[in-house]
Amino acid sequence: MDYTHDTFISPYTWRYGSEEMKKTFSEVYKRKLLRRVWIALAGAERKAGLVTDEQLKELIAHKDDIDIDRAAEIEMEIRHDLMAEIKTYAEQCPKAGGIIHLGATSMDALDNADAIRYKEALEIIEKKTKELIFILSEKAIEYKNVPTMAFTHIQPAEITTIGYRLAQTIQDLSDDLDDLLYVKERIRGKGFKGAVGTLSSYTELLKGTGISAEEMESWAMDELGIKAFTASTQIYTRKQDLRIMEVLSKIACTLAKFSLDFRILQSPPIGEFSEPFGKHQVGSSAMPFKRNPINSEKIDSLSRLVSSAYSAAWQNASMTILERSLDDSANRRVFIPESFIALDEMLMTEIRIVKGMNIHSAATKRLMESYGIFSATERVLMEAGKKGADRQEMHEVIRELSLKAWEKVQNGEANPLRNEMAADNRILEYLTKDEILSLLDASSYTGEAEKRTMKVVQEATRPR
């Protein structure tokens, strides 16, 4: 089991994700969590007189003595991974080995351990989402009143500000964070309910002790620090996994949208944003001049895997036949940790991008000079209307001049629209030349963009 690069290793093992997240989903940590569950159960059963103080102390003394090689050896013989871990633990605890897992079924251990692990993994995602919101907010404040061309249908539209564009992502991430916190706070374990969730084994076990199965379950779950579902089958409802995958998918969606926009804004015809690029970084093996947005592309690539996991979780939740079937087990080992690790990598990458992103003022100015004036013609139309012009007639005048100017811009010439409108007698009948030129200054045609940017930042960075 000493895997190296001589065989297949998942990229999630060595290429993506933080060590913190990967340790959370490691086999060693999983087995430590299982032992925590067994210790919590034994502690509750001690109160009923079913476990001695000496046995409980022995379990605690060996809680970190994980021996995967021995467990794998036993599993090869008995073909049951959880029983192999129980037997491994029991060999280390000669006095307490006989009471490990007393009254329990496999999923009493596994589902409670998973619930703890998923909550901890969500806390890692929460921390990084908050950090990304914070650094995006710093950028948004810095550029809150810097005008730039907005695009609809990937065509120049009206004027926005760079800060307001960033505010859209901040707002989405803030909503995603609220959803994450909601899901995280409602994560529950299966509890200790036995083979089909009725607590029958524990009820029988506790007869004559004066302690109910409900009391024992409550004590054990308090020790684990999580709540239990009121009812379960052999497993906790797989709708919980679906809710977790949904919130991971939502965050991935926000990052994917921002990354795609970033890639478009980095393309030379726009050239407004660019990713940080290292001094010795190579953009292409064939084209030495290339500065590809590889980090944003990576985010978009990984986002597709996270979004696809939602479908697997949906299938599991909807096809858990009656009190349970095992056809969710193998895929949960794969898509749940991989989704967490992928999103972890996406967030770390986005944080690095935003911290080091370049915003090119020359490109912004070029876009404004070429296309900004077109959007400002709406101001001329409205002001002429207020001065008595026929709105439809004036619209046709501006449309005619704009189309001629657009053709010249497409041919690589400077935009002539400002001067042509300021010299057109049909417009001068209602507005002076100075008024026309002032109205055609698109840099101030940003509405409440600055104000709304600050409101988004305030809402997104509020204490939670």
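At what angle do the axes of helix 12 and helix 13 cross, and within what distance do they come? In this predicted model, the two axes cross at roughly 150° and come within 9 Å. Helix 12 covers residues 294-318, and helix 13 covers residues 329-356. Because angles over 145 degrees count as roughly antiparallel, helix 12 is roughly antiparallel to helix 13. Their crossing is left-handed.

The residues that make this contact can be followed along each helix. On helix 12 they include Asn 295, Ile 299, Leu 302, Val 306, Ala 309 and Ala 313. On helix 13 they include Arg 332, Phe 335, Ala 342, Leu 343, Met 346 and Ile 353. Charged residues also take part, among them Lys 298 of helix 12 and Glu 345, Glu 350 and Arg 352 of helix 13. By class, the contact of helix 12 with helix 13 has 11 nonpolar, 7 polar and 5 charged residues.

Helix 14 has a kink of about 50°, centred on Tyr 371. After helix 14 comes Gly 388, with a positive phi near 110°.

Helix 14 also pairs with helix 15, residues 391-410. The two axes come within 10 Å and cross at roughly 170°, so helix 14 and helix 15 are roughly antiparallel to each other. Tyr 371, on which the kink is centred, is one of the residues of helix 14 in this contact. Others from helix 14 include Phe 374, Val 380 and Leu 381. Helix 15 contributes, among others, Met 394, His 395, Ile 398, Trp 406 and Val 409. The contact of helix 14 with helix 15 has 10 nonpolar residues, 4 polar and 1 charged.

The crossing of helix 5 with helix 6 is right-handed. In helix 5, Arg 70, Ala 71, Ile 74, Glu 75 and Ile 78 take part in the contact. They meet residues of helix 6 that include Asp 81, Met 83, Glu 85 and Lys 87. This contact divides into 5 nonpolar, 1 polar and 6 charged residues.

Terms used
Residues numbered from 1 in each chain as written. Predicted model: local features only at pLDDT ≥ 70, side-chain atom pairs only at ≥ 80, totals over all residues. Heavy atoms only, no water. Bend = angle between axes of the 7 residues up to and from the residue. Helix = DSSP H or I, 4+ residues; strand = E, 2+ residues; numbered from the N terminus. Axes fitted to C-alpha atoms, helices over the stretch in contact; angles between N-to-C directions. Parallel < 35°, antiparallel > 145°, perpendicular 65-115°, else oblique. Left-handed = near helix turned anticlockwise from the far one by under 90°. Contact = heavy atoms within 4.5 Å.
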